[in-house]
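Please consult the sequence and the model shown below while reading.

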Amino acid sequence: MCGIVGMIGNRNAVPVLVEGLKRLEYRGYDSAGVAVMGADGVEIRRSVGRLTQLERVLASSPVSAPLGIGHTRWATHGEASERNSHPHSGGQGRVAMVHNGIIENYAEIKSDLREQGAEFTSDTDTEVLAQLVASKTESGEFADGLREALREARGAYAIGLLARDQPDTLYAARLGSPLIVGRGPEGTYIASDVPAILPQVTDVIYLQDGEVARITREGVDIWDLEGRPVAPDWQQVELEETAVDSAGFETFMLKEIHEQTRVLGGLLDRYVNGLEVTLPDLNLDEETIRNLDRMMIVSCGTAYYAAMYGRLLIENFTTIAVETDLGSEYRYRNPRIDDNTLLATVSQSGETADTLASVKMAKEAGCPILAICNVFGSSLVREADHLIYTHAGPEIGVASTKAFTAQLTAFVFLALHLAEVRGELTFEKKAELLVALQKIPLSIHKVLESKDRIREVAEKHHDGPSSLYLGRRFNYPIALEGALKNKEISYQHAEGYAAGEMKHGPIALINEYLPVICICTDTEDEVAEKMISNVREVQARSGRIIAIASEGDTRLHEITEDILFVPKTRECLSPLVNVVALQLLAYYAAQARGTDIDKPRNLAKSVTVE
Ligand code: F6R
């Protein structure tokens, strides 16, 4: 979603702001802008479209100053246009603000301010907040007025703010949307995430909800919304620059697909020692695990498909009853939850609004919270009592790949750990699974090696308006994920379905034009034969079958010529391998269709608004 960068330093901030915004491009945006504290007050430059457009505006109308803020906007209130782009000003240019999040009571505030004579030039909630801050800071201590305005705002925000009367100060605040402060040799910065300012900083502070920061060249003061001082918690940056460049791959997504061997290998090294699974941040004591009889897993998008897989695994290995739900649905249900239910969440970013709202709701009901998350210091991590980090490294491609396989792996560890503590898994079974799991990075590597074949099949079938993905049991969530990847980056409509459900409706779609991707790798499982029967049903209606099958499986040869062979593994682990083939299939379809793979239209990397 929107991205924020700000700087106060000893050199021109504009190139740093633009570079920082470029590094935030992956979050998704449709317009951009910067504001600097010039000699005659705040100067703003904005444009709709990509950052190259903003660079053109800056080239024809240059600004330069050592203090500034920048923003990439993903439209929520009002269309994507220059007048709705950030920064917005309030009090006739007395303040300039960039903002992520949504001010829920903006309409009420706007009408009060209008009565007091304020005039608005945009449709945004941000301009309302900027005007509110301006109205509260007309006199008195600026920081007091700012906090008063923020106390009045309901909703979520991360803001960066310049004030004409304070030409050497950058203000920042957060509630519900991430924001960091960073320092380095040439200045102090604010940003939505660490990668945005990584080359500039050595230390960062992760601002907490309800904190307001005043940043000058002398240092950083932080208060809570009531004005109580908070000691800045500087943390050394550990991320390496190589983690956020594309390393010679044509896109970040392709790089991240290839990184999966390393990410999974790293997770195995970190969490498995011989035949022992150790989850150091889980902190679930054995008695709690033994008494656990209910788990609810809540997440969104790709992470929700990981949750579905997690449910199947945990149910398979333990007697815990597991349910899953989407964050956006769960938070509006009236679920039966109490302190005997473990509420688990899965999230790459740890900032997804619906996931976080569900967590807060469950917390209020007394549920312990378990988070499977990729981002240290994220909002979800701070809410959670029990953690499994997925250590996939920064994921820049908007469509999730390595974070997903890391989430699946985390669920394997969790399921094994729960089952073992509860005495529900024999040593032999656990050993068998761990041995098979150790082979998965190599299997993924083999899938990556077969990418030319996957490209060939993608190029043959990419042109139709739609496609159908079918899978059963452990591979049903993978059918959903394969379809999601395809629609996200190739813009081809794609539907994932439980293969057994096909007869109940989607079979009507099948004709000689419809590609039907069938995941058939499970050859010994109780659903194996049933899957083949489903494939035959597609064949009987002349569907264009693309099968994902285990190496050496000859059953499909007479059905289709488009078979993508992947290494054989245990059925419950096959999703980890199969999904890589589907990621590449979507990738090459998108390439053939000429889309912007790393930044698909309308999508945001982390969905921090409802
Ligand atoms: C799809 C994708 C999204 C995210 C979803 C949840 O490729 O990336 O569907 O999975 O927005 O995001 P996180 O995992 O950050 O909570």
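## Helix α8

The buried residues of α8 are Q260, T261, V263, L264, L267, L268 and Y271. Buried denotes under 20% relative accessible area, exposed over 50%, and partly exposed the range in between, with a 1.4 Å probe and protein chains only. Helices (H or I, at least four residues) and strands (E, at least two) are DSSP runs numbered from the N terminus.

The model is predicted: local features need pLDDT of at least 70, side-chain atom pairs count only at pLDDT 80 or more, and totals for chains, interfaces and linings use all residues. Residues are numbered from 1 along each chain as its sequence is written, and side-chain values use heavy atoms, with hydrogens and water left out.

Helix α8 comprises 12 residues (260-271) and should span 16 Å at 1.5 Å a residue; its end C-alpha atoms are 16 Å apart, in agreement with that value. The expected span of a helix is 1.5 Å times one less than its number of residues.

## Ligand site

Around the ligand there are 14 residues, of which S347, Q348, S349, T352 and E488 come nearest; a residue is near a molecule if one of its heavy atoms lies within 4 Å of it. A polar side-chain atom of S349 lies 2.6 Å from an oxygen atom of the ligand. A backbone N or O atom of S400 is 2.9 Å from a ligand oxygen atom, and a side-chain N or O atom of K485 lies 2.9 Å from an oxygen atom of the ligand. The protein covers 91% of the 400 Å² of accessible area that the ligand has on its own, by the Shrake-Rupley method with a 1.4 Å probe.

The ligand sits in the second largest pocket. The elements that give two or more residues to the shell around the ligand are α10 (301-317) and α18 (476-490). A pocket is an open set of points on a 1 Å grid over the protein atoms alone, where a 1.4 Å probe fits, with protein on both sides within 12 Å along at least five of seven lines. A molecule sits in it if more than half of its atoms lie within 2 Å of its grid points.

Helix α18 has 15 residues and reaches 21 Å from its first C-alpha to its last, close to the 21 Å expected at 1.5 Å a residue. Of these 15 residues, 13 are buried, so α18 is largely enclosed by the rest of the structure.

Y491 follows α18 and belongs to the loop between α18 and β24 (493-498). Although Y491 is not a glycine, its phi is positive, about 60°. Y491 counts as partly exposed, at 25% relative accessibility.

## Buried R174

R174 is found in strand β8 (residues 170-175) and counts as buried at 2% relative accessibility. The side chain of R174 reaches the backbone oxygen of L207 at 3.4 Å and makes a polar contact with the side chain of S379 at 3.0 Å. A polar contact is a pair of N or O atoms within 3.5 Å; within protein, one must be able to donate a hydrogen and the other to accept it, and residues adjacent in sequence count only if both atoms are side-chain atoms.

## Backbone features in loops

The peptide bond from H86 to P87 is cis, with omega near -5°. P87 is placed in the loop between β4 (67-73) and β5 (88-90).

Q92 lies in the loop between β5 and β6 (95-100). Q92 is not a glycine, yet has a positive phi of about 50°; at 78% relative accessibility, Q92 counts as exposed.

Key:
On a 1 Å grid over the protein atoms alone, a cavity is a set of points where a 1.4 Å probe fits but cannot get out, and a pocket is an open set with protein on both sides within 12 Å along at least five of seven lines; lining residues have an atom within 4 Å of a point.
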